[in-house]
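Visitor: I'd like to go through the aromatic side chains in this one. Can you take me through them?

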Amino acid sequence: MYFSLNFVILNMTTETLEEFYINKFDWLPNNLQQNIGHFNVFRIEDCIEPNAKPVTYSRRSFYKVSLMYGDNVIHYADKSIALSGCSLMFLSPHVPYTFEHMSDNRTGFFCIFTESFFTEKLRGGLNDLPMFAPGAKPVYSLNEEQSTYASSLFVKMIEEINSDYAFKYDLIRNYVGELTHYALKTQPSENLYKHADASSRITSVFTELLERQFPIESPSQRFTLRSANDFAQRLSVHVNHLNRAIRQTTGKTTTDHIAERLLSEAKLLLKHTDWNIAEIGYCLGFEESTHFNNFFKKQTQSTPSSFRNV
C-alpha cells in the first residue's frame, strides 16, 4: 500500500558511517577505517534508545540490509510503502529513505557495510545486484519459514563478528551473499509495487527518475533532466506518450511536475543552506541567475532573495 509523502526533507547532507555511530550509539568502533572496508550487524531491539534522535530522510554513505518485524512505513525515494509481518529490505546509498514505526514493538536485525567491503570479492559491483540497481524494488515480504531462515543468517553474522576467527569477514560476506540470493529467489513483494495500468507504470518510473536527482547536496551537483523530452529520451518513450500518461494519471503536465519539484528544492536550498543564489540556480540547471530569478518569481510572485529573507 502506498502513502503520499507528507514530510519535509530537512537534511541536506548524506549521513556518513561516523555520523551513524555517533547519532545512534554515541561512540565509534575501532575498526571503522580498516582497509577491508566496514561491516557491522545489530539486533534492532539493542539499538532502541528512549531519547533517540528521529531518523531523517536522507541518503547514507553505506549500504544497509534490514530484517524488520511488525507494522512500519518506509519512505523510499518518492514512495511510502506500508510494511507488516516480516520484511527484508535492501537499501542503497544512492536513494534517500527513512522509517516510521507504527508500534513500539520493534524487533529484527540489520547490517551495514561499505562498497569496499565487497569490492575485491564480488565480481562487478554491488549496483549490479537487482535489489541495489537504480529503480530497484527494495522490499521483500517473507512468510514464517522464510523469516526463520533469514533471521538465522543474521544470527550467524552476529556470532562471527564477535568471534576471533581469522577469516570471519570472508564468512560474513558469504552470509550476506546467501541472504541476497535467497531474497532474489523469493522475488520482491509485487503487491507493494502494483500499478493499475500502463499510464500508472510510466508515471511511477518518471516520478522515481525525477526524485532520484534530489536532494541537491552540494553546489557542484546539477539537476540535468529538466524537460519532458529529457525524461522521454531516458525512458525510451515518445514525449507525447509520456505527457499523455502523466496527465491521465495525475491531472498535471510533465512540465508542471518538474517545475513543482524544482521549486520545492529551490525553497529548501534557500532556507537551509548558505549558498548564494547564483550557486543555487546553477545546481538546479539554470545557466544564468536571471533565468532562475524569473522562474522563481513566476512560480511564487517573489524573488529568491525576498523568500530567503522572510
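Aromatic contacts

Guide: This is a predicted model. It holds 16 aromatic pairs.

Visitor: Take tyrosine 149 and tyrosine 182. What kind of aromatic pair do they form?

Guide: A tilted one: the ring centres are 4.5 Å apart, with 40° between the planes.

Visitor: Which helices do tyrosine 149 and tyrosine 182 lie in?

Guide: Tyrosine 149 is in helix H3 (residues 144-161) and tyrosine 182 is in helix H4 (residues 168-186), so the pair ties together parts 33 residues apart in sequence.

Visitor: Is tyrosine 149 buried, partly exposed or exposed?

Guide: Partly exposed, because its relative accessibility is 31%, and that class runs between 20% and 50%.

Visitor: And phenylalanine 206 with phenylalanine 231, what is the geometry there?

Guide: That aromatic pair is edge-to-face, at 4.8 Å centre to centre and 65° between the planes. Phenylalanine 206 belongs to helix H5 (residues 198-211) and phenylalanine 231 to helix H6 (residues 228-235), so this contact ties together parts that are 25 residues apart in sequence.

Visitor: Phenylalanine 206 and phenylalanine 231: buried or exposed?

Guide: Both phenylalanine 206 and phenylalanine 231 are buried.

Visitor: Which residues form an aromatic cluster?

Guide: Phe39, Tyr63, Phe113, Phe117 and Tyr169 make up one cluster.

Visitor: Switching to charges. Where does the charged end of arginine 222 sit?

Guide: Over the ring of tyrosine 282, 3.9 Å from its centre. Arginine 60 lies over the face of tyrosine 97, at 4.3 Å from the ring centre.

Terms used: Residues are numbered from 1 along each chain as its sequence is written. This is a predicted model: local features need pLDDT of at least 70, side-chain atom pairs count only at pLDDT 80 or more; totals for chains, interfaces and linings use all residues. Side-chain values use heavy atoms; hydrogens and water are left out. Rings of Phe, Tyr and Trp (its six-membered ring) pair if their centres lie within 6.5 Å; planes under 30 degrees apart count as stacked, over 60 as edge-to-face and the rest as tilted. Helices (H or I, at least four residues) and strands (E, at least two) are DSSP runs, numbered from the N terminus. Buried means under 20% relative accessible area, exposed over 50%, partly exposed in between (1.4 Å probe, protein chains only). A charge sits over a ring if NZ of Lys or CZ of Arg is within 6 Å of the ring centre and within 35 degrees of the ring normal.
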